[in-house]
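Me: I have a model open and want to learn how to read its side-chain features. Can we go through them one at a time?

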Amino acid sequence: MKLSDFNDKHLGETIYIVGCAPSLNELTEKHLEILKDKVVIGVNFSHAKVKNLDYLVTGHLDSIAYALEYGPPDMIVLAHKSGQTAYATEIWDNERVVPMWDLNLGPPLPRYADENNNIYGSCSILLSATHLAYMMGASKIVYIGF
């Protein structure tokens with residue numbers, strides 16, 4: 001898969017982005033129930049608390065490994081391809097890992113991913129997840145746990 005495969009994938013939908021701040025520990029099962037049947041993007045280790053993520057955006061090799069071992073079996077992992085994570089697709093022969101190159105912030109955010117798999121967010125995982133939701137065509141983005 002390539003990042004461009006996600007262009008307009010959820011056009012017009014609300015996308016929920018889940019962080020990994022300590023406030024996630026305050027979420028109850030009733031809160032988490034709201035996320036069922038929604039489009040949910042998590043970052044880093046958010047999948048340790050929220051079990052029904054559709055996508056995970058991370059720049060850490062340990063987060064990728066944990067997601068592939070213990071995350072939902074159909075969750076797509078979008079991995080910043082820098083440092084150790086550059087080897088993620090070589091370690092796991094897995095269709096679920098999508099490598100992407102992270103760039104420094106430079107407005108405006110491109111509406112669509114190109115063939116180079118570039119995403120903005122080398123300064124913040126929140127920005128990477130937001131850029132992904134924007135590329136996916138979100139009409140509304142809701143942030144939880146940042």
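Me: Which backbone nitrogen does the side chain of Ser 124 reach?

Reply: First, a caution: this is a predicted model. For a polar contact, look for a pair of N or O atoms within 3.5 Å. Here the side chain of Ser 124 reaches the backbone nitrogen of Leu 126, at 3.2 Å.

Me: Where does Ser 124 lie?

Reply: Ser 124 is in the loop between strand S6 (118-120) and helix H4 (125-135). Its relative accessibility is 27%, so Ser 124 counts as partly exposed. Ser 124 and Asp 102 are 22 residues apart in sequence, and their C-alpha atoms are 9.9 Å apart in space.

Me: Now salt bridges. How many salt bridges does the count come to?

Reply: Look for a side-chain nitrogen of Lys or Arg within 4 Å of a carboxyl oxygen of Asp or Glu. The count comes to 3 salt bridges. One of them joins Asp 5 and Lys 2, with the closest N and O atoms 3.9 Å apart. Asp 5 is partly exposed at 39%, and Lys 2 is partly exposed at 40%. Another joins Glu 33 and Lys 36, where the closest N and O atoms are 3.7 Å apart. Glu 33 has 46% relative accessibility and counts as partly exposed. Lys 36 is partly exposed, with 46% as well.

Me: Which side chain meets Arg 111 in a salt bridge?

Reply: That of Asp 8, at 2.6 Å from N to O. Arg 111 lies in the loop between strand S5 (97-103) and S6, and Asp 8 in the segment before S1, so the pair ties together parts that are 103 residues apart in sequence. Arg 111 is partly exposed, with a relative accessible area of 23%. Asp 8 is partly exposed too, at 27%.

Me: Over which ring does the charged end of Arg 111 sit?

Reply: For this feature, check the distance from the charge to the ring centre. The charged end of Arg 111 sits over the ring of Tyr 134, 5.6 Å from its centre.

Me: What should I notice about the backbone of Asp 8?

Reply: Phi of Asp 8 is near 60°, a positive value in a residue other than glycine. Asp 8 lies in the segment before strand S1 (14-18). Asn 44 also has a positive phi, about 45°, and is not a glycine. Asn 44 is in the loop between strand S2 (39-43) and strand S3 (55-58).

Me: Is Asn 44 buried or exposed?

Reply: Buried means under 20% relative accessible area. Asn 44 has 13%, so it is buried.

Me: Next, aromatic rings. How many aromatic pairs does a search of the whole structure find?

Reply: It finds 4 aromatic pairs. In one of them, the rings of Tyr 66 and Tyr 70 have centres 5.1 Å apart and planes at 45°, so the pair is tilted. Both residues lie in helix H2 (residues 61-70), 4 residues apart, about one turn of the helix. Tyr 66 counts as partly exposed at 30% relative accessibility. Tyr 70 counts as exposed at 61%.

Me: Which residues do ring pairs link into a cluster?

Reply: Phe 45, Tyr 66 and Tyr 70. Now turn to the surface. Phe 45, Tyr 66 and Tyr 70 form a nonpolar patch there, with about 320 Å² of accessible area together.

How values were computed
Residues numbered from 1 in each chain as written. Predicted model: local features only at pLDDT ≥ 70, side-chain atom pairs only at ≥ 80, totals over all residues. Heavy atoms only, no water. Phe/Tyr/Trp six-rings, centres within 6.5 Å; stacked < 30°, edge-to-face > 60°. Helix = DSSP H or I, 4+ residues; strand = E, 2+ residues; numbered from the N terminus. Buried < 20%, exposed > 50% of the residue type's maximum accessible area, 1.4 Å probe, protein only. Lys NZ or Arg CZ within 6 Å of the ring centre and 35° of its normal. Polar contact = N/O pair within 3.5 Å; in protein donor to acceptor, adjacent residues only side chain to side chain. Patch = residues over 30% accessible without salt bridge, like charges linked within 9 Å, V, L, I, M, F, W, Y side chains within 5 Å. Areas by Shrake-Rupley, 256 points an atom, 1.4 Å probe, with all protein chains shown as cover.
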